[in-house]
Amino acid sequence: SQAGVDIPYQKISAQKQDYGITRVQKPFFRNGSYAIYFTDKDTNWWELEYRAPELRYDALRKKGDQFVD
């Protein structure tokens with residue numbers, strides 16, 4: 001859920017100095033997902049994402065191709 005992204009965002013933002021997190025991006029919607037990105041002290045990027053059930057990859061694969069001739 002969105003809360004599953006918002007709550008960690010708040011905790012990460014509040015404690016980023018304690019864990020060496022260097023950047024935290026605010027949650028945002030893009031391409032059917034809601035996510036945050038942050039970097040650790042080794043400059044690794046991390047992502048926390050919520051994707052609507054109908055837009056999860058397994059659901060999209062079940063739909064199959066949607067092309068019309």
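The numbered points below describe a predicted model of a single structure, moving from the overall layout to individual side chains.

1. Overall layout. The chain contains 2 helices and 4 strands, and, read from the N terminus, these elements follow the order α-β-β-β-β-α. Buried residues account for 20% of the 69 residues in the chain. The exposed surface comes to about 5700 Å², of which carbon and sulfur atoms supply 51%.

2. Strand 3 and its cover. Strand 3, which spans residues 33-39, is mostly covered, since 7 of its 7 residues are buried. The cover extends to both faces of this strand: S33, A35, Y37 and T39 are buried on one side, and Y34, I36 and F38 are buried on the other.

3. Partners of strand 3. Strand 1 (residues 23-24) pairs with strand 3 in the antiparallel sense over 2 bridges, and here V24 has F38 as its bridge partner. Strand 2 (residues 28-30) also pairs with strand 3 in the antiparallel sense, over 3 bridges. Strand 4 (residues 45-51) runs antiparallel to strand 3 and is joined to it by 7 bridges; within this pairing, the bridge partner of Y37 is E47 in strand 4.

4. The two hairpins. Strand 2 and strand 3 form a hairpin with 2 residues between them, and N31, in the turn, has a positive phi of about 55°. Strand 3 and strand 4 form a hairpin as well, with 5 residues between them, and in that turn T43 has a positive phi of about 65°.

5. Aromatic pairs. A pair of aromatic rings is described by the distance of the centres and the angle of the planes. The count in this model comes to 2 aromatic pairs. In the pair of F28 and Y37, the ring centres are 5.9 Å apart and the planes lie at 25°, an angle under 30 degrees, so this pair is stacked. In the pair of F29 and Y34, the centres are 4.6 Å apart and the planes lie at 45°, and therefore the pair is tilted. F29 stands opposite Y34 in strand 3, yet F29 counts as exposed at 57% relative accessibility, whereas Y34 counts as buried at 8%. F28, with a relative accessible area of 25%, is partly exposed.

6. D6 and its surroundings. D6 is located in helix 1, which covers residues 3-19, and at 23% relative accessibility D6 counts as partly exposed. Once its neighbours within four places in sequence are left aside, D6 is in contact with P27 and Y34. The side chains of D6 and Y34 are joined by a polar contact of 2.5 Å. The C-alpha atoms of D6 and I36, which are 30 residues apart along the chain, are separated by 8.4 Å.

7. The salt bridge. Side chains of opposite charge can pair when their charged atoms come close. The structure holds 1 salt bridge, in which the side chains of R51 and E49 meet at 3.4 Å, taken from N to O.

How values were computed:
Residues numbered from 1 in each chain as written. Predicted model: local features only at pLDDT ≥ 70, side-chain atom pairs only at ≥ 80, totals over all residues. Heavy atoms only, no water. Phe/Tyr/Trp six-rings, centres within 6.5 Å; stacked < 30°, edge-to-face > 60°. Buried < 20%, exposed > 50% of the residue type's maximum accessible area, 1.4 Å probe, protein only. Salt bridge = Lys/Arg side-chain N within 4 Å of Asp/Glu carboxyl O. Contact = heavy atoms within 4.5 Å. Polar contact = N/O pair within 3.5 Å; in protein donor to acceptor, adjacent residues only side chain to side chain. Areas by Shrake-Rupley, 256 points an atom, 1.4 Å probe, with all protein chains shown as cover. Pairing = 2+ DSSP bridges.
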